[in-house]
Amino acid sequence: MWFELLLDGKPMGDMHQTVRQLSPALKTPLNLVTGRVAGRVFAPGAEQLVLSWKRPPDTNVAEIKAWDALNQARFSRITVEACFCSVFQECWVSKLDGDLPKPSPDCANEKRTSLQG
């Protein structure tokens, strides 16, 4: 129903802005694939790519250093949280970090910042 990206605990509404804050020296353009989360149906156990960015060619040392800084920051500074419901309207909130989702009465998102591409 909703997906929220946080940088250093602060909700971010734009992926390009987030990447620029993480690694201002990165000049390689981001190719982002975006889509709505609400209304999507996934089979149990299905996986969905959420975030990815290509590593620049090895020929550009400065870009590689900037990309490596971004790659390291994603483990310590980026977190995500999502709320999803089953077809039976049972809802859960997850940080998508491998922990079990926590039950939620619904997926109200009035206090959430929706991530834009």
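Close-up 1. At 25% relative accessibility, C85 counts as partly exposed, whereas C91, at 7%, counts as buried (buried is under 20% relative accessible area, exposed over 50%, partly exposed in between, with a 1.4 Å probe and protein chains only). A disulfide, defined as a pair of cysteine sulfur atoms within 2.5 Å, joins these residues with an S to S distance of 2.1 Å. The link of C85 and C91 is right-handed, with 95° about the S-S bond. The model is predicted: local features need pLDDT of at least 70, side-chain atom pairs count only at pLDDT 80 or more, and totals for chains, interfaces and linings use all residues. Residues are numbered from 1 along each chain as its sequence is written, and side-chain values use heavy atoms, without hydrogens and water.

**Close-up 2. The disulfide of C83 and C107.** The sulfur atoms of C83 and C107 lie 1.9 Å apart. This pair links distant parts of the chain, 24 residues apart: C83 is in strand β3, and C107 is in the segment after β5 (102–104). Helices (H or I, at least four residues) and strands (E, at least two) are DSSP runs, numbered from the N terminus. Both C83 and C107 are buried, and their link is left-handed, with -80° about the S-S bond.

**Close-up 3. The buried residues of helix α2.** E63, I64, A66, W67, L70, N71 and A73 are the buried residues of α2. They pack against α1 and β3 (78–85), where contact means heavy atoms within 4.5 Å.
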